[in-house]
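Please look over the sequence and the structure below before reading on.

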Amino acid sequence: VEKKVVENRLKVFGKIAKDTDEHSYVIADEGVIEKIHVELGANVEKGTKLLTIRKSDGTRQDVVADISGVVLATYVKVGDHTDRLRSLMSIVNLDKLRATVDVYEKDIGSVKVGQKAEIQSIAFPEKKFTGEVVYISPQVEEQSQAIKVRIDVNNSEHLLRLGMFISGELIAGSDKEAITVPVTALQELNAE
């Protein structure tokens, strides 16, 4: 038994966005794709060689990743022509993902930018992902009557996936202390 500051937790549901803030479309000078060095889904570091292009003057150009991340899509194959207007690949950094959750009007007064959050997915029921509220929509969604709240979620282990459904809790501190006991210390007698 101890005195602790009580946390208020608000249960929320939502979804990981289908994109990230750190997204790169790979482009190259005019030429022909001679070799593709990485496969779809590969983890790459900034500076990793992705493709080799044979330019019209016969020289070769190595195209490298401008961010670290995962190869999300490849839009070309060996022998395809390239120019500065065509995306060759896309790379996304999955270290930090965006989650959008619904908060109802009655609860929005307890939500603030900078507030901590814990996120869970049914894919990893024992794992809690940490996050922080970064945006609160200024409007109520007409269909759901909820306010969209954006949370940036730490995904350094790359377990969460784009578009995945999630649940979570927004954590609000309090200045009130209470006498607390661990949940594991509670016992139920006669189902009461």
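## Glu34 and its surroundings

Leaving out residues up to four places away in sequence, Glu34 touches Thr52, Ile53, Arg54, Arg60 and Val78, where contact means heavy atoms within 4.5 Å. This is a predicted model, in which local features need pLDDT of at least 70 and side-chain atom pairs count only at pLDDT 80 or more, while totals for chains, interfaces and linings use all residues. Residues are numbered from 1 along each chain as its sequence is written, and side-chain values use heavy atoms, with hydrogens and water left out.

Glu34 lies in strand S4, residues 31-36; helices (H or I, at least four residues) and strands (E, at least two) are DSSP runs, numbered from the N terminus. With a relative accessible area of 28%, Glu34 is partly exposed, since buried means under 20% relative accessible area, exposed over 50%, and partly exposed in between, for a 1.4 Å probe and protein chains only. The side chain of Glu34 also makes a polar contact with the side chain of Arg54 at 3.2 Å; such a contact is a pair of N or O atoms within 3.5 Å, and within protein one must be able to donate a hydrogen and the other to accept it, while residues adjacent in sequence count only if both atoms are side-chain atoms.

| Residue | Relative accessible area |
|---|---|
| Glu34 | 28%, partly exposed |

An open sheet of four strands has the order S7-S6-S4-S9 with antiparallel pairing, two strands being paired if DSSP finds at least two bridges between them. Strand S7 (60-64) and strand S9 (81-82) stand at the edges with a single partner strand each, so one side of each is left without a neighbour in the sheet. Strand S6 (residues 49-54) is joined to S7 by five bridges, and Ile53 stands opposite Gln61 in S7.

## The nonpolar cores

The largest nonpolar core has 22 residues, and those with the most contacts inside it include Ile16, Val103 and Leu170; a core of this kind is a set of buried Ala, Val, Leu, Ile, Met, Phe, Trp, Tyr and Cys residues joined through side-chain atoms within 4.5 Å. Its largest share, four residues, comes from S11. A second, separate core of 16 residues includes Ala28, Val38, Ala65 and Leu88.
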